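Please read it alongside the sequence and the model.

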Amino acid sequence: HFWLLLGIYLAALLGNGLISTAVACDHRLHTPMYFFLLNLALLDLGCISTTLPKAMANALWHTRHISYAGCAAQVFLFAFLISAEYSLLTIMSYDRYVAICKPLHYGTLLGSRACATMAAAAWGTGVLTSVLHTANTFSLPLCQGNAVDQFFCEIPQILKLSCSQSYLREVGLIFFSVLVLFGCFVFIFFSYVQIFRALLRMPSEQGRHKAFSTCLPHLAVLSLFLSTVVFAHLKPFSISSPSLDLVVSFLYTVVPPTLNPIIYSMRNKDIRHALSEMFQYTLFQHQ
């Protein structure tokens, strides 16, 4: 499995690294939408770097060992990055709502200071969520051994190892987090209801198509993220098995960070143009 994991990891690093570099270097991409895309690429880089390098090392050395501190660090970083990414996707839906429904107020509502504040709020939400969950999870006594049936440390698997009643506090915290996530989902849903209503009122078919094409990558990334996470944690117990849990966790931790750059660059002329210019400049410098 080592070479497969290495190939996926390098593809994710390359894709997210190229998007980050293109957005940072091309002044035409210094807009709110691409600023949030840069943050998304950085979160994806962090997310896949939290899980895959250790999984690759274990596959190479044919072991499943991870230290207690390493497991705690993995739980903290993964919870932080996943929470921040979902918060950022919520903010990105607001960006699309303002761009399409309130275009005359776009510069006012999404100025550079507002964008920086919203991005900082997304990262801060991730830190707060992660601190609460990590501190709570690793304060629990473990009574069921120390073997996690997963390729990385995640909270549900650690809870399975805890003593019978001691995990209820963390379950309550997870339930509260789910309510917050549902609130974000409702916000995203109503944002897109307003977006689609505004699109249907547009007189020009060309304008309608152009506006919708800016929403399509965000919708695809959001759907990929939510579908894999929801299936991983809400699938029926009747179809649950260690091998299926492993595959599903692999899907929601590895697939979105790898595919997100492809989704965003595939239909985006600005990104493709910036990457093309960047490659041409690099080749010219080496001639």
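In which hand of crossing does H3 pass H7?

## Basis of the report

This is a predicted model, in which local features need pLDDT of at least 70 and side-chain atom pairs count only at pLDDT 80 or more, whereas totals for chains, interfaces and linings use all residues. Residues are numbered from 1 along each chain as its sequence is written, and side-chain values use heavy atoms, with hydrogens and water left out.

## Helix packing

H3 passes H7 in a left-handed crossing, a term for the near helix being turned anticlockwise from the far one by less than a right angle, with clockwise giving a right-handed crossing. Helix H3 (residues 68-101) packs against H7 at an angle of about 20 degrees, and their axes lie 9 Å apart. H3 is therefore roughly parallel to H7, where angles under 35 degrees count as roughly parallel, over 145 as roughly antiparallel, 65 to 115 as roughly perpendicular and the rest as oblique. The axes are lines fitted to C-alpha atoms, for helices over the stretch in contact, and the angles run from 0 to 180 degrees between N-to-C directions; the helices themselves are DSSP runs (H or I, at least four residues), numbered from the N terminus.

Helix H1 (residues 2-25) and helix H2 (residues 32-61) pack with their axes 9 Å apart at an angle of about 160 degrees, which means that H1 is roughly antiparallel to H2. H1 passes H2 in a left-handed crossing. For H2 and helix H5 (residues 112-137), the axes come within 10 Å and cross at roughly 25 degrees, so these two helices, H2 and H5, are roughly parallel to each other, and their crossing is right-handed.

## Salt bridges

A search of the whole structure finds three salt bridges, each defined as a side-chain nitrogen of Lys or Arg within 4 Å of a carboxyl oxygen of Asp or Glu. Arg 28 pairs with Asp 26 in one of them, the closest N and O atoms being 2.9 Å apart, and a salt bridge also joins the side chains of Arg 28 and Glu 277 (2.7 Å, N to O). This second pair links distant parts of the chain, with Arg 28 in the loop between H1 and H2 and Glu 277 in helix H10 (residues 269-286), 249 residues apart.

Arg 28 is partly exposed at 42% relative accessibility, and Glu 277 is partly exposed with a relative accessible area of 34%, while Asp 26 is buried at 9%; buried means under 20% relative accessible area, exposed over 50% and partly exposed in between (1.4 Å probe, protein chains only). Salt bridges that share partners join Asp 26, Arg 28 and Glu 277 into one network. Asp 95 and Arg 96 also meet through their side chains in a salt bridge (3.0 Å, N to O), and both Asp 95 and Arg 96 are buried.

## A nonpolar surface patch

Phe 182, Phe 185, Phe 189 and Phe 190 form a nonpolar patch on the surface, with about 450 Å² of accessible area together. Such a patch is made of residues with over 30% relative accessible area and no salt bridge, nonpolar side chains (Val, Leu, Ile, Met, Phe, Trp, Tyr) being joined within 5 Å and like charges within 9 Å, and accessible areas come from the Shrake-Rupley method with a 1.4 Å probe. Phe 189 lies in helix H7 (residues 168-201) and is partly exposed, with a relative accessible area of 47%.
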